[in-house]
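User: I have a chain to go through with you. Can we take it piece by piece?

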Amino acid sequence: MCSQTKAAALMANIPQAEIDPTGVFKYVLIRVHSKEEGDDSEMDIVRGYSWAEYHADIYDKVSGKLEKGGLLDCECVGGGRIKHEPAAKKIHIYGYSMGFGRANHSVSMEKLKVRYPLYEVTWDNEGY
């Protein structure tokens, strides 16, 4: 019999991608891990918001919320920028974070394609 851990159940309810509805803004790619013994589950999530002055602002807010219950642990695996054009149904991922380095934009792209299936989602490593 296989039973799901509390941490895995929590992770199953975390959206893979959350970004602002429009504009150009910073984003981070966060790896969420289970802290439960015997549970090595993990997932990557994308978070991008225009209110953030620094990539760390996003990471600190999101990780603080996810780690609050003590079952999950987070690490930032990189950052960049997102240009979200809802009228054109386009999302472009690019750049890097000075503090966290460049996210694997192809992973971020796949997460955003799930969240925005009707969009053209592209990425490159140009720009800041």
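User: Cys76 to start with: buried or exposed?

Analyst: Cys76 is buried. Its relative accessible area is 15%. Keep in mind that this is a predicted model.

User: How far is the sulfur of Cys76 from the closest cysteine sulfur?

Analyst: The distance is 9.8 Å, and the partner is Cys74.

User: Is Cys74 buried or exposed?

Analyst: Cys74 is at 6% relative accessibility, so it counts as buried.

User: Let's zoom out. What does the secondary structure come to?

Analyst: Three helices and six strands. Starting at the N terminus, the order is α-β-β-β-α-β-β-α-β.

User: What about overall dimensions, and how does the radius of gyration fit a compact globule?

Analyst: The C-alpha trace spans about 45 × 30 × 20 Å along its principal axes. The radius of gyration is 15 Å. A compact globule of 128 residues would have one near 14 Å, so the chain agrees with that.

User: What share of the residues is buried?

Analyst: Buried residues are 42% of the 128. The chain exposes about 7,200 Å², and carbon and sulfur atoms supply 50% of that area.

User: How much of the contact set joins residues at least 24 apart?

Analyst: 65%, counted among contacts between residues at least 6 apart in sequence.

User: Charges next. How many positive and negative side chains are there?

Analyst: There are 16 positive and 19 negative side chains. The centres of the two sets lie 6 Å apart.

User: Back to single residues. Where is Arg31?

Analyst: Arg31 lies in strand S2, which covers residues 23-34. Arg31 is partly exposed, at 24% relative accessible area.

User: Which residues is Arg31 in contact with, leaving aside its neighbours within four places in sequence?

Analyst: Glu42, Met43, Asp44, Asp73, Cys74, Glu75 and Val77. So one of the cysteines we discussed, Cys74, is in contact with Arg31.

User: Now His105. Which element holds it?

Analyst: His105 is in helix H3, residues 105-115. His105 is buried, with a relative accessible area of 1%.

User: What surrounds His105, beyond its neighbours within four places in sequence?

Analyst: His105 is in contact with Tyr27, Gly79, Gly80, Ile93, Tyr94, Gly95, Trp123, Asp124 and Asn125.

User: And how far apart are His105 and Gly78?

Analyst: They are 9.1 Å apart, C-alpha to C-alpha. In sequence, 27 residues separate His105 from Gly78.

User: Last one. What is the phi of Lys89?

Analyst: Lys89 has a positive phi of about 55°, although Lys89 is not a glycine.

User: Where does Lys89 sit, and is Lys89 buried or partly exposed?

Analyst: Lys89 is in the loop between strand S4 (72-85) and strand S5 (90-94). Lys89 is partly exposed, with a relative accessible area of 40%.

Key. Residues numbered from 1 in each chain as written. Predicted model: local features only at pLDDT ≥ 70, side-chain atom pairs only at ≥ 80, totals over all residues. Heavy atoms only, no water. Helix = DSSP H or I, 4+ residues; strand = E, 2+ residues; numbered from the N terminus. Rg over C-alpha atoms; globule rule 2.2 N^0.38 Å. Buried < 20%, exposed > 50% of the residue type's maximum accessible area, 1.4 Å probe, protein only. Contact = heavy atoms within 4.5 Å. Areas by Shrake-Rupley, 256 points an atom, 1.4 Å probe, with all protein chains shown as cover. Lys, Arg positive; Asp, Glu negative; His and termini not counted. Charge placed at Lys NZ, Arg CZ, Asp CG, Glu CD. Disulfide = S-S within 2.5 Å.
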